[in-house]
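Here is a briefing on one protein chain.

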Amino acid sequence: MPKENFELLVKQTRTHRRFKQDQAITTNQLESLIKLARLSGSARNCQPWQYALVNDPALCDKIFPHLGWAGYLSEWKGPASGERPAAYILCLLNQNWLKGTDKEAHFDLGIASQNMLLGATSQQLSGCRIGAFSPKLADLFTLPDHLKLELVIALGAPAENVVLEEMASPDQVKYWRDENQVHHVPKRPISEIIVNVDLR
């Protein structure tokens, strides 16, 4: 793949929180994302993550109330009916497979989930990683004790525009929406994130 194409894919892989709820996501589409997660690197190669795929509308409706959305948009309670996710991937830590620390496992999940979101973007889909969810969400499912729900990835065809902005100051990290409901995300300039280090 040409460098320009890959850079464009990364730029387009944004967090979306409003979706075309009536545009279904097939089980085959979800499995294609798990194939990308499976190819990810893993500390000690223990590969401790398993995934539950949800695209049944009735079950999606049961999951939705347990999720937290957009902490910086405190007055917004999440997507309205018709703009909610069409599918979810539940990321489950298999503690029987874990060879190192939880920290290592979460590094693995960061890599795996980014692979999934890049894959979603390549299919004109998008997603939102959600770590803020009610403990009662896991109670919807009969999970064995060794599986721990750690992350929810909401998925759908995006129904909002996300724009990257140059960060005006180092503490201006909050994303925001304008009067047209365009979602703006400030990013630090490259000159601020590259650090020169000297040997002692």
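Contact here means heavy atoms within 4.5 Å. On that basis, the buried residues of α2 pack against β1 (49-54), β2 (87-94), α4 (102-122) and β4 (147-156). The model is predicted.

- Five bridges link β3 and β4 in the antiparallel sense.
- Arginine 129 faces isoleucine 153 of β4 across this pairing.

**Helix α2**

- Helix α2 covers residues 27-38, twelve in number. From first C-alpha to last it reaches 16 Å, close to the 16 Å expected at 1.5 Å a residue.
- Which residues of α2 are buried? They are Leu30, Leu33, Ile34 and Ala37.
- Why do the buried residues of α2 line one face of the helix? Seen down the axis of α2, they fall within an arc of 100°, so they line one face.
- The general rule behind such a pattern is that an α-helix has 3.6 residues a turn, so residues three or four places apart point the same way.
- Asn28, Lys35 and Arg38 are exposed, on the face of α2 turned away from its buried side.

- Helix α4 has 21 residues. Its reach from first C-alpha to last is 30 Å, close to the 30 Å expected at 1.5 Å a residue.
- Buried residues of α4 include Ala105, Asp108, Leu109, Ala112, Ser113 and Met116. Also buried in α4 are Leu117, Leu118, Gly119, Ala120 and Thr121.
- The cover over the buried residues of α4 includes α1, α2, β1, β2, β3 and β4.
- Helix α1 (residues 3-12) packs with α4 at an angle of about 100°, and their axes are 9 Å apart.
- Angles of 65 to 115 degrees count as roughly perpendicular, so α1 is roughly perpendicular to α4.
- On the α1 side, Leu9, Val10 and Gln12 make the contact. On the α4 side, Leu118, Thr121 and Ser122 do.
- Leu118 and Thr121 are also on the list of buried residues in α4.

- In general, strands of a sheet pair through backbone hydrogen bonds, either parallel or antiparallel.
- β5 and β7 are parallel, with five bridges. Valine 163 stands opposite histidine 184 in β7.
- β6 and β7 (residues 183-187) run antiparallel, joined by two bridges.
- Arginine 177 is opposite histidine 183 in β7. Tryptophan 176 has histidine 184 of β7 as its bridge partner.
- How many residues of β7 are buried? Four of the five are, so β7 is largely enclosed by the rest of the structure.
- β6 and β7 form a hairpin, with five residues between them.

**Positive phi angles**

- As a general point, most residues other than glycine have a negative phi.
- Asparagine 45 has a positive phi of about 55°, although it is not a glycine. This residue is in the loop between α2 and β1. Asparagine 45 is exposed, with a relative accessible area of 52%.
- Glutamine 181 has a positive phi near 65°. Its place is the loop between β6 and β7.
- Is glutamine 181 buried or partly exposed? Glutamine 181 is partly exposed, with a relative accessible area of 37%.

Note on methods: Residues numbered from 1 in each chain as written. Predicted model: local features only at pLDDT ≥ 70, side-chain atom pairs only at ≥ 80, totals over all residues. Heavy atoms only, no water. Pairing = 2+ DSSP bridges. Expected span 1.5 Å × (residues − 1). Buried < 20%, exposed > 50% of the residue type's maximum accessible area, 1.4 Å probe, protein only. Arc of directions from axis to C-beta. Axes fitted to C-alpha atoms, helices over the stretch in contact; angles between N-to-C directions. Parallel < 35°, antiparallel > 145°, perpendicular 65-115°, else oblique.
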